[in-house]
Every structure is written in C-alpha cells, then in structure tokens.
Amino acid sequence: MKYDRIYNFSAGPAIMPEEVLEEVRDEVMNYRGSGMSVMEMSHRSKMFIQIAEEAEADLRELMGIPDNYKVLFIQGGATLQFSMIPMNLMKNGKAVYIETGAWSKKAIAEAKKVGEVIVAASSADKNYSYIPDCSDLDIPEDADYVYICENETIHGSTFNQLPNTKGHILVSDQSSMFLSRLCNVADYGMIYGGVQKNIGPAGLAIVIIREDLIRDDLKSLPAYLQYKSHADADSMYNTPNCWGIYVCGKVFKYLKSIGGLEAMYQRNLDKANLLYNFLDSSKIFRSTVAPADRSLMNVPFVTESKELDAEVVAYTKAAGFENLKGHRSVGGLRASIYNAMPAEGVAALVDCLKRFEAERG
C-alpha cells in the first residue's frame, strides 16, 4: 500500500525513513508472530529485551562506541539532560559552557541552578550566527566539564572542530545531528541527544557516557536522576519508552544497510550543498549563518522582510512543502534536512524557491 507523502522540513518531530515506517506499519499489529504489538509487550519479556539489546549493539557498531562507555535510553528528551548533566557531573560545582544558540542557552540556565557556570565563549554578539573560536578557552583547572550544543537546531550552526578542553571532559548535545556523520566517541566524556529530530519518535534521549563518570555517591539525588540507576538496570530502571527504542533500532539497521555514517554523511553533504549553493546565488534569499559554521541538518534563511518571509511560507505550503517557517523565537525560514530527507526533497524545494524568485521578477 502506498501513501501520499509530503516533503516535511520540520525540525522535530521530524521526517523518518519510509523504509522504517513501512516496517513498523507491517509489524504494528503482530510483531514477528508474537500476536501483539511492541507497544503492548512487557519490557521484561525476552522478546523486548532482544529488541533493546539489538538496538544498543547496532548503535555501538554504527558509532564505534568503546567498551568503556555505557549506552542509556532515558525518557524526558534532551531537556531532562540539561539538569541531569550538572546534577551528576558537577563534582566541584563548576562547569564551562559554550553559548552558541537557543539550546545551549537553555542548558546554561538549568546548570546555573545546580552550580557555577562559566560561559567561556559566546556568539550572542551576532545573534548566534557563527561558532566562536574555542581553540584557547579560559578553563579553570577545577571545572568539571566543558559543554557544547554541537548543532544548534534553531540558529543552524554546527561545530566542525571540537573545542580544546585542555584535558577536561567534553559533554555534547548532538540532538539534531545524531548519526549524521562519523563521530569519534572517545573524544567525549558524554554524548546525548533527543531522538525526535534525526532518529526516531519523541519522548526518548540516548545518552552515551564514559563509565568512570557514572557516580555512586549521589545518595541525596532522586534515583531516576542518577545515571547509575539507568546504567545498572540496562536502561530499564523503570518502564522505558519501549516504542521509541524499537523504532530507533529500526533506524540503526536502516543506516547500517545504506553503508553506515560515512555514506550518510556524504548524502547529507550533497543535500546541504545543493540548498546552500542556491541561497548564496539568490537575489531574494540569504543564509543567516557564517559559511564555515553552517549546519548540514538545519538551514535557516531569510528574505528582506518578515512580510516576504510569510509569503514564501504560504507559497511553499501551497506547493506541498511543510514546516518551513522559522522558529518562533527567530522568525524567517528554516529547512531541516535530516538524514531521512531524500535528495529529491531538497531539489524540489530549491526548484520551488527558484520559481518564487522568478515570479517576483
């Protein structure tokens, strides 16, 4: 059965691979002869434990995750991690944050409730349109970690070179770039991301954390907020987001089937170049991010006015393209071209924008 599908440029919840959706559709009523849906089965059952173990194994293979890192599937999305990170990792009560946009700013606000936050670099002076130089940061010796949002979903900037942490632990929010390119996990103390942008359905965060960072001395911290609780219980301290883990596992297998993260990165690079090349040559549209720091996943752009931006949103919507309106905090337009967005979708969008420009003379 075929369904009418639109080109969905939403920043999250976002587009997913059609192959995965079709597999999920076929199994939703009866998973592999079990007579029930994954949504109905016990998280303690052998069948679901196998689903969860396969998902973790496939993710480890895709990312080359070292054995001394735990993979945790935790509810609450990335937002809960804004608090869990300082609660668990602030041994000395001090951390360094790099401010590059809306999501790092939110993380900073939550961390300040737990301890001292030093903003060692910021791009707020130019409305977060670039990544600041992080090659020689002023990092106190007793800082517990350095935190970045590696890809800013709203402002569309990304780190193409990791900060020089001077030996300190690096913590990265990879929510909107997760599995979009190769990643050397050993460069980080912790990587995490909400899955609803580039991997699966909303309601789940994946945490990849080095084992020596998991503390057992946080007796006054509620158990659910301790990484140790989730690590000791193999992500089943409580009933997990079974459906989310199941779908993410499907996406991991899909990525393996197309050649892994190297192949996915090349696809993403080609798609982004197509859109950015058009924006750079356009007389109406322009990118809002410094060329060296542009995201491959989230592409914000603007025209000369809010009124014209609104015209473009209406025009693209009428042509069958959804969710191109920029985030309410910044306005403009934004195309999120995650892993699952086919190259044909980006090409069709560029053609549509070209038609709009031609019709305006």
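Residues are numbered from 1 along each chain as its sequence is written. In this predicted model, local features need pLDDT of at least 70 and side-chain atom pairs count only at pLDDT 80 or more, while totals for chains, interfaces and linings use all residues; side-chain values use heavy atoms, with hydrogens and water left out.

**Exercise 1.** Determine how the span of helix 2 relates to the expected value.

Solution. Helices are DSSP runs of H or I with at least four residues, strands are runs of E with at least two, and both are numbered from the N terminus. Helix 2 (46-63) has 18 residues. The expected span is 1.5 Å times one less than the number of residues, here 26 Å. From first to last C-alpha, helix 2 reaches 26 Å, close to that expectation. Just after helix 2, G64 takes a positive phi of about 65°.

**Exercise 2.** Identify which residues of helix 2 are buried and what they pack against.

Solution. Buried means under 20% relative accessible area, exposed over 50%, and partly exposed in between (1.4 Å probe, protein chains only). The buried residues include F48, I51, A55, L59 and M63. Their packing partners, by contact (heavy atoms within 4.5 Å), are strand 2, strand 7, strand 8, helix 6 and helix 7. Beyond four places in sequence, M63 touches F178, L179, C183, V185, I191, I208 and L261.

**Exercise 3.** Classify the exposure of G93 and locate its contacts.

Solution. G93 lies in the loop between helix 3 and strand 3. G93 counts as partly exposed because its relative accessibility is 26%. Leaving aside neighbours within four places in sequence, G93 contacts G115, E116 and D144. G93 and D144 are 51 residues apart in sequence, yet 7.4 Å apart in space, C-alpha to C-alpha.
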